[in-house]
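Good morning, colleagues. Please turn to the sequence and the structure, and I will then take you through the salt bridges.

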Amino acid sequence: MVEAYVHGYSEQEAARLHDQADTLASLLHHDTLYPAGATVLEAGCGVGAQTQFLAANSPEARITSVDISAASLAKAQELVQQKGFKNVRFQTADLFHLPFARESFDHVFVCFVLEHLPNPIEALQCLRQVLKPGGTLTVIEGDHGSTYFHPESPAARETIQCLIEMQARLGGNSLIGRQLYPLLCAAGFERPAVSPRMVYVDGSKPAWIEGFTRNTFIAMVEGVRDQAISANLITPERWEQGIGELKRSSASDGVFCYTFFKAVARKA
Ligand SMILES: C[S@@+](CC[C@H](N)C(=O)[O-])C[C@H]1O[C@@H](n2cnc3c(N)ncnc32)[C@H](O)[C@@H]1O
């Protein structure tokens, strides 16, 4: 179990991961299609929020999904069983000590994991080891510095900065999306291709307001309230003001923008 995980393992966090994955499925997954018979390792699958889309989009690929949290894996397994997917197996594993032979997977997929690790290059090198030559690694990360919204609000920005700071204090990096290209090169991957995936939400997109702005992003910021106040990063009054003003961006006349980064890199 990772103790230093800024979002924690609560039921609310599990629900937030599902809202995030469900809302973003087409934006992030439409171009990840693995061929029949391909072996795919999903590292850090959590509660299976992305696993279900991997399994649905590549029904004839053989997916192995691992996580360090046995409790999260149990939820992932239950979800995949409920949905009737037969092409996924689950295993508890630390991605830094993977229980697989070198060069045993055709593809690796990792989503929203590197941002929580103090040593993402080492993580990528460990994933590269289990990849066959010619295989690909797909990595998706967010970047909280890519957030902008209307109406603008310094207090709202301070709440987001609290999340960035708390994650950094735990050894993570929530600005990692913009760094995927240099990280992948440093880990020895060939020709990484990075594509920014921007989420733009205005009053004409009520499903995105609910699924992304409120239930994914604002819920994630709200999750560090107590930690940020205890660390004296912000006062309770300034926090309430900031969250209130951040929520204004999800009103019918508000606008919210965020960019995810998806990279596909090859092992020579
Ligand atoms: C933010 S969650 C993302 C889960 C999932 N990929 C998703 O997008 O919904 C990060 C996950 O990485 C897992 N994790 C962190 N460090 C890990 C490690 N060293 N090995 C395996 N999993 C790890 C955590 O347990 C957690 O489930």
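Arg225 is partly exposed, at 28% relative accessibility, where partly exposed lies between buried, under 20% relative accessible area, and exposed, over 50%, with a 1.4 Å probe and protein chains only. Its side chain meets that of Asp226 in a salt bridge, 2.9 Å from N to O; the term requires a side-chain nitrogen of Lys or Arg within 4 Å of a carboxyl oxygen of Asp or Glu. Asp226 itself counts as exposed, at 53% relative accessibility.

A word on provenance. The model is predicted, so local features need pLDDT of at least 70 and side-chain atom pairs count only at pLDDT 80 or more, while totals for chains, interfaces and linings use all residues. Residues are numbered from 1 along each chain as its sequence is written, and side-chain values use heavy atoms, without hydrogens and water.

How many salt bridges does a search of the whole structure find? The total is 14.

One of them joins Arg178 to Asp143, at 2.7 Å from N to O. This pair links distant parts of the chain, 35 residues apart: Arg178 is in the loop between helix H5 (154–169) and helix H6 (180–186), and Asp143 in the loop between strand E5 (131–141) and strand E6 (148–150). Helices (H or I, at least four residues) and strands (E, at least two) are DSSP runs, numbered from the N terminus. Asp143 is buried, with a relative accessible area of 1%.

Within helix H5, Arg169 and Glu165 lie four residues apart, about one turn of the helix. Their closest N and O atoms are 2.8 Å apart in a salt bridge.

Finally, a network of salt bridges links Asp31, Arg197 and Lys262.
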